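I am opening a notebook on a structure that is new to me.

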Amino acid sequence: MTRPDARALVAAFLDEGTWRSWDTAPLDPAEPGSSYADELTAARAKSGYDEAVITGEGLLDGRRVALVVSEFTFLAGSIGVAAAERIAAAVERATRERLPLIAAPASGGTRMQEGALAFVQMVKITAAVQDHRASGLPYVVYLRHPTTGGVFASWGSLGHVTAAEPGALIGFLGPRVFESLHGYPFPEGVQVAENLYAHGLVDAVVSADDARTVAIRAFSVLCAADGDLDAGLPPEEDLRPVEAWEAITRSRRDDRPGVRTLLKLAAADVTPLNGSGAGENEPGLMLALARFGTARAVVLGQDRRRQRSQSPLGPAGLRVARRGMRLAAELGLPLVTVIDTAGAALSKTAEEGGLAAEIARCLADMVMLDAPTICLLMGEGAGGAALALLPADRVLSAQHAWLSPLPPEGASAILYRSVDFAPEIAQAQGVRATDLRKNGIVDRVVPERPDAAYEPRAFCERLGRALEYEILTLLRESPADRATARRARYRRMGRPPSPAFS
């Protein structure tokens, strides 16, 4: 397989003819006449590069971006003092000039010829990247073959969005070093891009050409301006009363649209993200960047179908959700949560994995999040897994969605030692969207005409318009006012109305 060098990768990413280098001649760290000086001279002659990394800027689909790209043919892309200084200076310039940043490492890690001083350069680079992220600027990483050692353990693992080259060797300790140290080979298939994807450590495995598309879509959400609120929503309709059990039955239909259908039919520039970034992935929780109309958002949604076919929502799924919350907070993007779950996993693995603690942390993160938050009850809303994504600035509900401490069958079993009274329990508990609206838990009910399963496109488009409206409305409010109102909303919930004073 032919893999692009640094200049070819830049050409694959950027609009033609827009690359402008930021590099100056590197300071030579080697003693004149030393064997290291000879290695540097030979590397420059052989590779055609003056160091193991090039930096600069260009246009990506018309958008100005900064790039840091490794060149592996220069001493295995290793990072010494001169390369690190070039990287840090480029990241700092991108921060000053408010540019999104793309990094494309391909490196064996620290340059051994420079020893400990080269080793600690990863701290300098990491600090520069974190300053860039702290400024609310997006950082996209494209891991290439190979990326190992300190590079992978620093600036290679800090992306808001991370893609990897197909078949790329990516790992902390290179396999040749491992075998030399331990006397036996590293297990095959572990340090490859596809395995990292399976474990939720990268968001996509794509070629350089496709990585350009991923970056364009991501930046269209991460960098674009929000639209204007030029039209309101129609007033809420008088909805046909539906018994609670009928609503629950409808919400459980296999052909009812879920979060993936919502994104397909009502959103644009959807960039799926994958996993918690910490070695966990769960198919029942979807994380993505997307736009609803002109409103940008981080979307995290429970995928009911995948929960049923593969596994109930467990603690790993909630850690994926918390990644989405952190992303929204760091980049100042609105967060949309979509509730559609029959309940969290009930198992030894879930208990030992900290399910209850993850629900608590999700609640804490949601309540305190700086970003605007909108929750959409789209279908089933059973138990703590639903509650974990609920406490938003605004809560919307589909007409036949519901929210309950347990599935009604579970509540019936607690009260009557039988599941037979589930319909009566559901009615008494006020789990329907209209009841939730009456009790102040839900702000707006989106109609189904007469059922989402019969009109998936029209239903999802209604939800999309409602989400756009609520996002743009919230963005008009100051962050301080939003935070105060959110805390007050949940503080007063369930309290009797204050007496009127004359």
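Predicted model: local features only at pLDDT ≥ 70, side-chain atom pairs only at ≥ 80, totals over all residues.

Next I turned to the overall build. I noted 21 helices and 16 strands in the chain. The radius of gyration is 26 Å, close to the 23 Å from the globule rule for 502 residues, so I wrote the chain down as being as compact as a globular protein of that length. Along the principal axes, the C-alpha atoms fill a box of roughly 90 × 55 × 45 Å. I also noted that 52% of the 502 residues are buried, and that, among contacts between residues at least 6 apart in sequence, 75% join residues at least 24 apart.

For the charges, I looked up the mean positions of the 55 positive and the 61 negative ones, which lie 4 Å apart.

My last entries concern the backbone, where I kept in mind that most residues other than glycine have a negative phi and most peptide bonds are trans. I found a cis peptide bond from His145 to Pro146, with omega near -15°, and placed Pro146 in the loop between β5 and β6. I found a cis bond from Arg449 to Pro450 as well, with omega near -5°, and Pro450 sits in the loop between β16 and α20.

Leu75, in the loop between β3 and α3, has a positive phi near 50°. Asp269 has a positive phi of about 50°, but I located this residue in strand β10, where Asp269 is partly exposed at a relative accessible area of 25%.

Conventions. Residues numbered from 1 in each chain as written. Heavy atoms only, no water. Helix = DSSP H or I, 4+ residues; strand = E, 2+ residues; numbered from the N terminus. Rg over C-alpha atoms; globule rule 2.2 N^0.38 Å. Buried < 20%, exposed > 50% of the residue type's maximum accessible area, 1.4 Å probe, protein only. Contact = heavy atoms within 4.5 Å. Lys, Arg positive; Asp, Glu negative; His and termini not counted. Charge placed at Lys NZ, Arg CZ, Asp CG, Glu CD.
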